[in-house]
Amino acid sequence: MSERLETITYPVKDLAAAKSLFGALLGVEPYVDEVYYVGFRAPGHPELGLDPNGHAKGLTGPVPYWRVTDLRASLAELVDAGAEVVQDVQDVGGGKLIASVRDANGNDIGLTQEP
């Protein structure tokens, strides 16, 4: 189902402080720096994202996003395996799709599909 771990997104309350901390940790500037999302790409690592609206969406910790070739089919497989949909399929721009589920243990799992 999955190709690889694509992104890890952290819900944050103070975007500026988190951006400073993760910039120092990764040693790179964000490639996306918006009020709704800050994204870092460091060589050899999955993308690291900061979501200032994550807590309002019910997120309590980091969410790993796995790249899949067919997001809708993968989402259905996870639901059939017992997961609960947290965020249904959404186009986040340029045809990139994301969705997320929560497993029976309360862990969030994200899916992403490139156009």
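## Strands around the largest pocket

Strands S1 (2-11), S4 (47-51), S5 (63-68), S6 (84-91) and S7 (97-102) each supply at least two residues to the lining of the largest pocket. Strands here are DSSP runs of E with at least two residues, helices are runs of H or I with at least four, and both are numbered from the N terminus. S6 gives the largest share of that lining, 3 residues.

This is a predicted model, in which local features need pLDDT of at least 70, side-chain atom pairs count only at pLDDT 80 or more, and totals for chains, interfaces and linings use all residues. Residues are numbered from 1 along each chain as its sequence is written, and side-chain values use heavy atoms, without hydrogens and water.

## Classes in the lining

The lining of the largest pocket has 10 nonpolar, 8 polar and 5 charged residues. Ala, Val, Leu, Ile, Met, Phe, Trp, Tyr, Cys and Pro count as nonpolar, Asp, Glu, Lys and Arg as charged, and the others, Gly among them, as polar.

## The aromatic pair

The structure holds 1 aromatic pair (ring centres of Phe, Tyr or the six-membered ring of Trp within 6.5 Å). The rings of Tyr-10 and Phe-22 have centres 5.0 Å apart and planes at 40 degrees, so the pair is tilted, as planes under 30 degrees apart count as stacked, over 60 as edge-to-face and the rest as tilted. Tyr-10 lies in strand S1 and Phe-22 in helix H1 (residues 15-26), so the pair ties together parts 12 residues apart in sequence.
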